[in-house]
Amino acid sequence: SLLPTARVAEHRVSALDQLRSLWQHAEWADRCIQGALAGAADLPTEILREYAHVLGAEEVWLARIEHRAARAPVWPQVSFAATEFLGVQVREGYAAALARLDDGSVDEPITYTNSAGQTFTNTLGEILLHVALHGQYHRGKINLMLRQEGLEPAPTDYIAFIRGAPAARRKS
């Protein structure tokens with residue numbers, strides 16, 4: 001099972017610990033989606049495109065955090081096999097980046113230029129929260145598209161991740 005072992009809720013969690021938890025959820029959710037897509041005999045192009053975007057956006061934001069060039073564009077046009085490789089790179093990159101942080105890091109300003117050439121500054125915490133929320137939005141779209149194609153969606157609810165038990169499912 002891809003679900004982690006259930007854990008007891010702690011009383012007080014720092015912002016950094018919460019962001020780490022959200023990223024661990026994103027890693028888990030990406031693997032859930034990857035597994036669902038791997039099980040599709042004939043994966044529609046639009047679904048693959050949406051999943052590649054999740055990973056491409058995660059990579060672009062990681063590159064901004066690390067002040068380097070991105071290894072993939074926001075909307076990469078890649079094969080399913082390439083998404084597996086990109087997913088590993090992104091997961092390893094975020095794990096390493098998050099391991100280096102301390103509680104004060106979430107307020108660190110990150111200045112970057114977006115794909116439209118505009119320059120912005122956001123805190124590291126704002127960026128990490130955005131990456132988590134952005135990915136979940138697109139995973140929801142992927143699951144809707146899978147369902148519309150008659151394929152099995154991959155429930156990626158945060159609470160299912162935290163409690164280590166699958167989300168409730170409606171019987172068809």
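How many helices and how many strands does the secondary structure of the protein come to? I counted five helices and two strands. I note at the start that this is a predicted model.

**Entry 1: overall layout**

I read along the sequence and wrote down the pattern α-α-α-β-β-α-α. Next I looked up the dimensions. The C-alpha atoms fill a box of roughly 45 × 40 × 20 Å, taken along the principal axes. I then checked the radius of gyration against the rule for a compact globule. For 172 residues the rule gives a value near 16 Å, and the protein has 16 Å, so the two agree.

I also looked up burial and surface. Of the 172 residues, 44% count as buried. The protein exposes about 9700 Å², and carbon and sulfur atoms supply 55% of that area. For contacts between residues at least 6 apart in sequence, I noted that 67% join residues at least 24 apart.

**Entry 2: the nonpolar core**

Which residues touch the most other members of the largest nonpolar core? This core has 43 residues, and I listed Trp-23, Leu-37, Tyr-94, Ile-127, Leu-128 and Ile-142 as the answer. The elements that give two or more residues to this core are H1, H2, helix H3 (80–99), E1, helix H4 (124–148) and helix H5 (158–163). H1 gives the most, with 11 residues.

Leaving aside neighbours within four places in sequence, I found Trp-23 in contact with Glu-58, Val-90, Arg-91, Tyr-94, Ala-95, Leu-98 and Val-131.

**Entry 3: helix H2**

H2 has 22 residues. From its first C-alpha to its last, H2 reaches 31 Å, close to the 32 Å expected at 1.5 Å a residue. I then asked how many residues of H2 are buried. The count is 18 of the 22, so H2 is largely enclosed by the rest of the structure. His-67 follows H2, and I noted that its phi is positive, near 55 degrees.

I looked up Ala-41, which is found in the loop between helix H1 (15–38) and helix H2 (45–66). Is Ala-41 buried or exposed? The relative accessible area of Ala-41 is 87%, and over 50% counts as exposed, so Ala-41 is exposed. I also noted the separation of Ala-41 from Leu-151, which is 110 residues apart from it along the chain: their C-alpha atoms are separated by 9.5 Å.

**Entry 4: the two strands**

I turned to E1 (residues 109–113) and found that its side chains alternate. Ile-110 and Tyr-112 point to one face and are buried.

In which sense do E1 and strand E2 (residues 119–123) pair? They pair in the antiparallel sense, over five bridges. I looked up two of the opposite positions: Ile-110 stands opposite Asn-122 in E2, and the bridge partner of Thr-113 is Thr-119. E1 and E2 form a hairpin with five residues between them. In the turn I found Gly-117, with a positive phi of about 85 degrees.

Notes
Residues numbered from 1 in each chain as written. Predicted model: local features only at pLDDT ≥ 70, side-chain atom pairs only at ≥ 80, totals over all residues. Heavy atoms only, no water. Helix = DSSP H or I, 4+ residues; strand = E, 2+ residues; numbered from the N terminus. Buried < 20%, exposed > 50% of the residue type's maximum accessible area, 1.4 Å probe, protein only. Pairing = 2+ DSSP bridges. Expected span 1.5 Å × (residues − 1). Rg over C-alpha atoms; globule rule 2.2 N^0.38 Å. Contact = heavy atoms within 4.5 Å. Areas by Shrake-Rupley, 256 points an atom, 1.4 Å probe, with all protein chains shown as cover. Core = buried A, V, L, I, M, F, W, Y, C linked by side-chain atoms within 4.5 Å.
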